[in-house]
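Colleague: Before I set anything up on this one, I'd like a quick tour. Could you show me the sequence and the structure?

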Amino acid sequence: MKILVENLSEEELKPLYEDPNQLGFGRIFTDRMFTMRYKKGMGWTDARIEKYKNFSFDPSSCVYHYSQEIFEGLKAYAGAEGQILLFRPEQNVKRMNRSAERLVMPTIPEEDMLQAIEELVVAEKRWIPKAPGTSMYIRPTMVATEPFLGVHPSSEYLFYIILSPVGAYYKEGFQPVKLYVEDTYVRAVVGGVGDIKTGGNYAASLLAGYKAQQMGFSQVLWLDACQHKYIEEVGSMNMFFVFGNKLVTPALTGSILPGITRASILQLAQHLGYETEERPISIDEVIEGINQGTLTEAFGSGTAAVISPVGSLYFKEKDYVINNNQVGPVTEKLYNTLVDIQYGRTVDPFGWVREI
Ligand code: COI
């Protein structure tokens, strides 16, 4: 694919963030973005890396009314020898296309999407932070731009990629977070769109998340929509429960996002000698495990969240504390091994890391 690259003058470049240790998540954006347009009958055209700026869309554009929108999240890491490393980007590209198919949006040739990600990251490499725990978050997005109020798949789309230098997703960093187990609202249903990355899943989660945050919790832990019994995910993370030497994570039933970090942890854990199980796990089993001391640790996983220890679960007006609200050894081992692979500090036995 031919990508037109806009040159920016020195004056047009933004000043870099001042303190990379204070980046937080998703508030700072780089100088340039990638854009590409689709029209039915013409396919994808006009690939360019251009100045980061506002878009102008017709107010009737499909995306504003019926939420035909999908996105991805992956990261670029600064390696110790100055190399730029992407973590399993091919998986994000494949998932983006699966999301596109589910919402009747056009797919993008995998090699083109990868090329767009790589060329943009390289063009913006001065923005990749080097401080411990920081990286450059990559957000590919597709929106439906046809100006028409009928409910139908749009005939026009914009695909774009923006970049954001980031630190930890949660203000707690690698300290345990407190989760509110939601038993009234639900995130997604089997047969719906909970297993793809579309904004609607996150919009649907906002009210419960807001209420939980008002009560002092970091996030909501969702239960299944039918029985309010089985653990689903956190919205920003998949969940893992540690029973001694065994890791249990909810099976992908169709309403849970198939996390790339989740899949990587399953493989990594097996490699490190842990037993793993993907199966339905009920909130009752989790609480019984906490009460009996057999559930020794819990953590969430995601691109933004990386591996985030869970210190307590609040369910039906009771607080269940896990591992004394401390980071456990299994969580720590998996976290350290995963980030060492991502930053190129250790051998990558899986071929996950792609140097660009
Ligand atoms: C990611 O982890 O990349 C996500 O898209 C989750 C989002 C809540 C930041």
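Modeller: Start with the ligand. A residue counts as near a molecule if its C-beta atom, placed from the backbone, lies within 6 Å of it. The residues that surround the ligand are G73, S236, G302, T303 and A304.

Colleague: What should I know about the origin of the model and its pLDDT limits?

Modeller: Residue numbers start from 1 along each chain, following the sequence as written. The model is predicted, with totals for chains, interfaces and linings using all residues, side-chain atom pairs counted only at pLDDT 80 or more, and local features needing pLDDT of at least 70.

Colleague: How many charged residues does the shell around the ligand have?

Modeller: Classes first: Ala, Val, Leu, Ile, Met, Phe, Trp, Tyr, Cys and Pro are nonpolar, Asp, Glu, Lys and Arg are charged, and the others, Gly among them, are polar. On that basis the shell has one nonpolar residue and four polar ones. Its number of charged residues: none.

Colleague: G302 belongs to the shell. Is strand 14 mostly covered or mostly open?

Modeller: Strands are DSSP E runs of at least two residues, helices are H or I runs of at least four, and both are numbered from the N terminus. Buried means 20 or more other C-beta atoms within 10 Å of a residue's own, exposed means 12 or fewer, and partly exposed lies in between, with C-beta atoms placed from the backbone. Six of the six residues of strand 14 (297-302) are buried. The strand is mostly covered.

Colleague: Which residues of strand 14 point the other way from E297, F299 and S301?

Modeller: In a regular strand, side chains alternate between the two faces of the sheet. Here E297, F299 and S301 take one side, and they are buried. Also buried, and pointing the other way, are A298, G300 and G302.

Colleague: In strand 14, what is the bridge partner of F241?

Modeller: Two strands pair if DSSP finds at least two bridges between them. Strand 11 (238-243) and strand 14 are antiparallel, with five bridges. The partner of F241 is A298.

Colleague: And in strand 15, what is the bridge partner of F299?

Modeller: Strand 14 also pairs with strand 15 (306-315), antiparallel over four bridges. The two form a hairpin with three residues between them. F299 is bridged to P309.

Colleague: What does L179 contact?

Modeller: Contact means that two C-beta atoms, placed from the backbone, lie within 7 Å. Neighbours within four places in sequence are left aside for L179. Its contacts are F217, S218, Q219, V220, L221, V234, V310 and L313.

Colleague: How far apart are the centres of domain 1 and domain 2?

Modeller: The bounds come from an automatic or database domain assignment. That assignment gives domain 1 as 4-166 and domain 2 as 177-341. Over C-alpha atoms, the centres are separated by 27 Å.

Colleague: Which element gives the most to the side of domain 1 that touches domain 2?

Modeller: In all, 18 residues of domain 1 contact 10 residues of domain 2. Strand 4 (69-71), strand 5 (74-78) and helix 2 (89-102) each supply at least two residues of that side of domain 1. With six residues, the element that gives the most is helix 2.

Colleague: K316 lies in the loop between strand 15 and strand 16. What is its phi?

Modeller: Most residues other than glycine have a negative phi. K316 is not a glycine, yet its phi is positive.
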